[in-house]
Amino acid sequence: MLTLLVFASLLLHVLTFLAIRALQSKVTQQESQHQEEKEAYEAMLGSILAELREENERLLKGESPQAPATPAAKKENSQSAPQPESVVDTEPVSDYSPPQPTEEEDDITMSNLGRVLQLNDEGLPPAAIAKQLGMGKTEVELILLMKKNGGKNGKS
């Protein structure tokens, strides 16, 4: 009996060890895949940054020679040269006029609940309300019952 228990224990230990090794290999594989994806994203971002640098350099070279290229140069130019007083233009810049609101009629529709309650207030029986609104008679009766019970409890 003891040998059977030892054998079963050994078998369980071997199976557990194999399961742990399989999980470890999967984790290692996922880590390597994650690292490859990370490297691919870094390469893609690097190429985008390089393109942006090239475009910025091209734009800076295309600017007029009077325009400062750096914020420090802007400060030096603004401190050394006196600023002319700004002249207010009285002419309109463009013929822009803001859009005028159009007068549209609001389309207000009531929910089935509102229509049921309105028709009930007009004195129609639940069967007539159900037929007019294309609802079930039981559904209309349930709505009216809920309204009735809600009024008793002080809820609306």
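Leu12 sits in helix 1, which spans residues 2–62; helices here are DSSP runs of H or I with at least four residues, strands are E runs of at least two, and both are numbered from the N terminus. The model is a predicted one, so local features need pLDDT of at least 70 and side-chain atom pairs count only at pLDDT 80 or more, while totals for chains, interfaces and linings use all residues. Residues are numbered from 1 along each chain as its sequence is written, and side-chain values use heavy atoms, with hydrogens and water left out.

As for the overall layout, the protein has 5 helices and 0 strands, giving the order α-α-α-α-α from the N terminus on. Its accessible surface is about 14,700 Å², and carbon and sulfur atoms hold 58% of that (Shrake-Rupley method, 1.4 Å probe; for residues, only the protein chains shown count as cover). Of the 156 residues, 6% count as buried, where buried is under 20% relative accessible area, exposed is over 50%, and partly exposed is in between (1.4 Å probe, protein chains only). Among contacts with a separation of 6 or more, 24% join residues 24 or more positions apart, a contact being heavy atoms within 4.5 Å.

What about the inside? The largest nonpolar core has 9 residues: Val116, Leu119, Ile129, Ala130, Leu133, Met135, Val140, Ile143 and Leu144. Helix 3 (112–121), helix 4 (126–133) and helix 5 each give two or more residues to this core. Such a core is a set of buried Ala, Val, Leu, Ile, Met, Phe, Trp, Tyr and Cys residues joined through side-chain atoms within 4.5 Å. One of its members, Met135, is in contact with Asn112, Val116, Ala130, Val140 and Ile143, leaving aside neighbours within four places in sequence.

After helix 4 comes Gly134, with a positive phi near 70°.

Helix 5 (residues 137–152) holds both Glu141 and Lys137, 4 residues apart, or about one turn of the helix. The two form a salt bridge, with the closest N and O atoms 4.0 Å apart, and the count for the model comes to 1 salt bridge. The rule asks for a side-chain nitrogen of Lys or Arg within 4 Å of a carboxyl oxygen of Asp or Glu. Glu141 is partly exposed because its relative accessibility is 35%, and Lys137 is partly exposed too, at 46% relative accessible area. Lys137 also touches Ala127 and Ala130, not counting residues up to four places away in sequence.
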